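Keep the model open alongside the text.

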Amino acid sequence: MSKDYLNSVPAERFATIIPRRRAIIESASAEMPRYEYNVNVLARDLHPKVQHVVVSDVKELFNARLYTLVPDKELGTDKLAYFQAGQYISLDLSIDGSRLTRPYSLCSAPSTGEYQIMVKNMKNGFASEYINSNFRVGTKIDVSEPSGFFYHEPLRDSGKVVGIAGGSGIAPFISMARAIVSGIEDFELILLYGSRTEEEILFREELDELEKKCSKIKVIHVLSDEEREGYRHGFISADLIGEFCEDGSVFVCGSQGMYDYIRKETDKLGLPIKRVRFDAYGEYRLGKRDEGKVETGKVYELTVKTNDGLTHVIPARSDESILVAVERAGIKAPSKCRSGECGWCRARLVSGEVYIPEMTERRRQYDKVAGYIHACCSFPLSDCVITINCE
Ligand code: FES
């Protein structure tokens with residue numbers, strides 16, 4: 001609109017704009033649907049606060065169970081939030097008075113409209129034991145929106161990805177392979193998949209089929225406890241990675257012990273940090289690398305001030321994270337990745353001292369200065385007082 005035109009319009013015309021608009025609004029039908037910005041609808045679909053899902057299928061794998069989750073329309077979830085192959089969801093669980101979460105990588109391809117998660121049978125796995133003993137078709141649960149950064153980003157990653165998987169660490173890669181075959185993702189995936197024996201290879205038949213169907217997928221099985229024709233033997237070493245990773249990005253998913261080992265192997269190859277990506281750790285467990293950093297067998301007093309105005313004084317073991325102590329007390333604290341990555345469990349350390357393992361230290365600089373911690377990977381070294389925003 002030109003300046004000349006605006007100058008030519010009599011000023012009284014502007015004075016009538018608001019009354020005319022009011023009259024139009026008042027005369028509108030009460031039934032008339034209100035306009036909602038598409039971007040708000042999209043944001044809500046992509047980032048729902050909670051998703052109600054129901055188990056629609058359960059499959060037995062070698063040492064794990066595969067659960068298919070579909071929207072629970074009865075509870076108001078009509079469709080599941082979209083995700084990128086390699087992301088995870090966090091399950092909201094209530095076990096023996098504890099309120100806790102557990103992250104699981106999604107195995108399904110993003111196009112299916114359902115989520116698939118694999119839960120390994122673990123000795124003394126508090127949540128996994130509960131899930132695998134209790135979840136059946138029809139079980140209803142709440143899950144988070146899909147989260148995490150372990151996915152292929154063409155602007156950041158090479159068009160060739162060397163995926164290194166150990167055991168159940170195959171979960172995000174099966175999703176990526178499925179997404180490549182269905183045309184949602186477009187990159188070359190060379191999978192170095194370590195299992196102890198041939199029998200323990202998860203998704204074996206499907207991996208063979210995906211490899212046959214699509215020239216962008218190649219799978220190399222590595223068996224540590226068996227020597228068999230057609231398989232590599234031993235561990236996924238620097239030599240083996242080096243055979244495939246020229247110009248490629250390296251993605252790693254497996255146990256915490258495997259991460260320590262692979263980190264040394266990729267260091268031998270001199271790969272820059274930006275080319276090697278590790279999936280979120282899962283629950284951080286203190287190990288050899290933390291020796292001398294915490295006193296074992298101690299129980300401290302943890303005072304938790306929540307945003308509903310309550311104060312809880314609870315025990316906190318020195319070998320468990322502050323988050324676990326809070327969950328054990330039945331306080332529903334926010335969390336998703338449980339490995340320092342998402343920042344969802346952010347809490348303010350008002351007093352006391354904590355140990356934060358170096359590999360889980362991902363706090364923002366401001367948070368470090370202002371005394372915030374990620375409760376999921378902070379271990380008490382003394383009595384502590386924290387404030388936490390609960391849901
Ligand atoms: S739960 Fe993600 S940083 Fe703690």
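## Contacts and overall build

Among contacts between residues at least 6 apart in sequence, 72% join residues at least 24 apart. The model is a predicted one. The chain holds 11 helices and 19 strands. Its C-alpha trace spans about 90 × 55 × 45 Å along the principal axes. Of the 391 residues, 34% count as buried.

## Domains

The domain assignment gives domain 1 (160–278) and domain 2 (292–388). The C-alpha centres of domain 1 and domain 2 are 34 Å apart.

## The largest nonpolar core

The largest nonpolar core has 83 residues. Which of them touch the most other members? They are Ile117, Ile164, Ile322 and Ala375. Helix 6 (residues 171–181) gives the most to this core, with 7 residues. The core also draws on both assigned domains, taking at least three residues from each of domain 1 (160–278) and domain 2 (292–388). In soluble globular proteins, nonpolar side chains tend to be buried together.

Setting aside residues up to four places away in sequence, Ile164 touches Leu192, Ile236, Ile241, Val250, Val252 and Ile262.

## Helix 6

Is helix 6 mostly covered or mostly open? Mostly covered: 10 of its 11 residues are buried. The buried residues run through Ala171, Pro172, Phe173, Ile174 and Ser175, then Met176, Ala177, Arg178, Ala179 and Ile180.

Just after helix 6 comes Gly183, which takes a positive phi of about 85°.

## Glu198 and its loop

Glu198 sits in the loop between strand 8 (188–195) and helix 7 (204–213).

What does Glu198 contact beyond its neighbours within four places in sequence? The partners are Leu223, Glu226, Arg228 and Tyr231. Another residue to check is Glu227, 29 residues from Glu198 along the chain. The C-alpha atoms of Glu198 and Glu227 are separated by 9.4 Å.

Key. Residues are numbered from 1 along each chain as its sequence is written. This is a predicted model: local features need pLDDT of at least 70, side-chain atom pairs count only at pLDDT 80 or more; totals for chains, interfaces and linings use all residues. Helices (H or I, at least four residues) and strands (E, at least two) are DSSP runs, numbered from the N terminus. Two residues are in contact if their C-beta atoms, placed from the backbone, lie within 7 Å. Domain bounds come from an automatic or database domain assignment. A nonpolar core is a set of buried Ala, Val, Leu, Ile, Met, Phe, Trp, Tyr and Cys residues joined through C-beta atoms within 7 Å. A residue is buried if 20 or more other C-beta atoms lie within 10 Å of its own, exposed if 12 or fewer, and partly exposed in between; C-beta atoms are placed from the backbone.
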